[in-house]
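Look at the structure, then read the points below.

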Amino acid sequence: MLEALKEEVCAQNHELPNNGLVVGSGGNVSGRDPETGLVVIKPSGVKFAKLTPETMVVVDPDGAVIEGEMRPSVDTGIHLYIYKQRADVFGITHTHSPYASSFAARGERIPAVLTPITHMLGRDIPCSRYATPGEVDTGQAIIDAADGGWAVLVKAHGVFTMGASASEATSFAMYLEEAAMTTHLAMTRGPVEELSDQEIDRCYNWFRKNYGQAGEKKVNS
Ligand SMILES: [Zn+2]
């Protein structure tokens, strides 16, 4: 079941180590099927190199395993909480990517100082309150901090991005790490100037309208 979604979610999980966003088996990507509401997610504790579409786990919105030989990611409860709260989210990506997580370690947001990431996310990247690593508490902290947006740092933990698909959420995670690195480097040389709210809105609206090919999903280049 959900073969195309399993292939997409598997391929997006492979993007995490391929782009230096994770080490070992940390981090995960999931996708939600719009028709059934079922969620496809990475199995728990399996090295990325070993992931195939067949190893992906299918769970229902309450976390019951519908298909799959292995246990789902330990972060499944967080993903399911976000999906329940956000009808517009169909993909979630979680990483501990180092530059973005260095902001999370300090409980700091990443300011909106670069247009490429602002085009995609339309705001700064907020940092949530500290949340107990586990299920609902972290999910609640993400929903609160996101305030309808697509990316959050969880204080003392790492990055959660959301998108209209698993591919979009993973693209956001990649570009967010690049932006975090560049912003960090800039901040070591002095204060940085944040884009105005007006320019942030203009960037976001322009990008949503113009990026990519007609009829193609945005961002998933
Ligand atoms: Zn984590």
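Helix α1 (residues 3-18) packs with helix α6 (residues 166-187) at an angle of about 10 degrees, and their axes are 9 Å apart. That makes α1 roughly parallel to α6 (an angle under 35 degrees). This is a predicted model: local features need pLDDT of at least 70, side-chain atom pairs count only at pLDDT 80 or more, and totals for chains, interfaces and linings use all residues. Residues are numbered from 1 along each chain as its sequence is written.

**Terms of the packing**
- Axes are lines fitted to C-alpha atoms, for helices over the stretch in contact, and angles run from 0 to 180 degrees between N-to-C directions.
- Helices (H or I, at least four residues) and strands (E, at least two) are DSSP runs, numbered from the N terminus.

**Contact of α1 with α6**
- E8, V9, Q12 and E15 of α1 meet A166, S167 and T170 of α6 (contact: C-beta atoms, placed from the backbone, within 7 Å).

**Helix α1**
- Buried residues of α1 include L5, V9 and L16 (buried: 20 or more other C-beta atoms within 10 Å of the residue's own).
- β1 (28-32), β2 (39-41), β5 (91-95) and α6 are among what covers the buried residues of α1.

**Residue L153**
- L153 touches A100, F103, A104, R109, I125, C127, S128 and V159, leaving out residues up to four places away in sequence.

Conventions:
Parallel < 35°, antiparallel > 145°, perpendicular 65-115°, else oblique. Contact = placed C-beta atoms within 7 Å. Buried ≥ 20, exposed ≤ 12 C-beta atoms within 10 Å, placed from the backbone.
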